[in-house]
Amino acid sequence: MPYVIASPCIDTMDKSCIEECPVDCIYEGDRKLYINPKECIDCGACEPVCPVEAISQDRRVAEEDSEFVEDNRRFFTEVLDGRDEPLGAPGGSRKTGVIGVDTTMVAAL
Ligand code: SF4
Ligand code: SF4
């Protein structure tokens, strides 16, 4: 059950969560951050540090934000703007640096 980042992160992005993640699986888009469901070890360390309560386990995401569960996954499985292939599981956001683009859903919000 991976953790996911939902709508309150959009345009907030203070990045406290990145500092806490022991496996570096939180990646930075343009207006929001995304947790890689393949890399997240479900430790929960990121959840309490988010000042806007954007992070929760996927099965506890608020109903109005339920689309964000799939959208966190899409960030890694779909080909994002300006890229030739999906990010997949690149092994940490320190390796990739800022990705700088969002999913189609978030970009359209
Ligand atoms: S701590 Fe919360 S608002 Fe800040 S970047 Fe992480 S998910 Fe987004
Ligand atoms: S639950 Fe743990 S492993 Fe998953 S994103 Fe949060 S801090 Fe990283």
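Let's start with a loop residue: Cys-40 is found between strand 3 and strand 4 (55-57), helices and strands being DSSP runs (H or I, at least four residues, for helices; E, at least two, for strands) numbered from the N terminus. This is a predicted model, in which local features need pLDDT of at least 70, side-chain atom pairs count only at pLDDT 80 or more, and totals for chains, interfaces and linings use all residues. Residues are numbered from 1 along each chain as its sequence is written, while chains are lettered from A and ligands numbered from 1 in the order in which they are written.

**Around Cys-40**

- Cys-40 counts as buried because 21 C-beta neighbours lie inside 10 Å; the cut-off for buried is 20 or more other C-beta atoms within 10 Å, exposed is 12 or fewer, and partly exposed is in between, with C-beta atoms placed from the backbone.
- Beyond its neighbours within four places in sequence, Cys-40 is in contact with Pro-2, Tyr-3, Cys-25 and Ile-35 (contact: C-beta atoms, placed from the backbone, within 7 Å).
- Met-1 is 39 residues from Cys-40 along the chain, and their C-alpha atoms are separated by 8.8 Å.

**The two ligands**

- Cys-40 also belongs to the surroundings of ligand 2, which has 14 residues around it, the closest being Tyr-3, Cys-21, Cys-40, Cys-43 and Cys-46 (near: a C-beta atom, placed from the backbone, within 6 Å).
- The shell of ligand 2 is made up of eleven nonpolar, one polar and two charged residues; here Ala, Val, Leu, Ile, Met, Phe, Trp, Tyr, Cys and Pro count as nonpolar, Asp, Glu, Lys and Arg as charged, and the others, Gly among them, as polar.

**The core and helix 2**

- The largest nonpolar core has 24 residues, and Ile-5, Ile-26 and Ile-35 touch the most other members (a core is a set of buried Ala, Val, Leu, Ile, Met, Phe, Trp, Tyr and Cys residues joined through C-beta atoms within 7 Å).
- At least two residues of this core come from each of strand 1 (3-5), strand 2, strand 3 and helix 2 (67-77).
- Outside four places in sequence, Ile-5 is in contact with Lys-32, Leu-33, Tyr-34, Ile-35, Ala-54, Ile-55 and Asn-72.
- Helix 2 has Phe-68, Asp-71, Asn-72, Phe-75 and Phe-76 as its buried residues.
- Those buried residues line one face of helix 2, because they fall within an arc of 145° seen down its axis (the arc is that of the directions from the helix axis to the C-beta atoms).
- Their packing partners are strand 1, strand 2, strand 3 and helix 4 (104-107).

**The Asp-30 loop**

- Asp-30 sits in the loop between strand 2 (26-28) and strand 3 (33-35), and is partly exposed, with 17 other C-beta atoms within 10 Å.
- Not counting residues up to four places away in sequence, Asp-30 touches Gly-100, Val-101 and Asp-102.
- Asp-30 and Val-101 are 71 residues apart along the chain, yet their C-alpha atoms are separated by 4.7 Å.

**The whole chain**

- The protein chain has four helices and four strands, in the order β-α-β-β-β-α-α-α along the sequence.
- Of its 109 residues, 34% count as buried.
- Among contacts between residues at least 6 apart in sequence, 72% join residues at least 24 apart.

Methods
Two residues are in contact if their C-beta atoms, placed from the backbone, lie within 7 Å.
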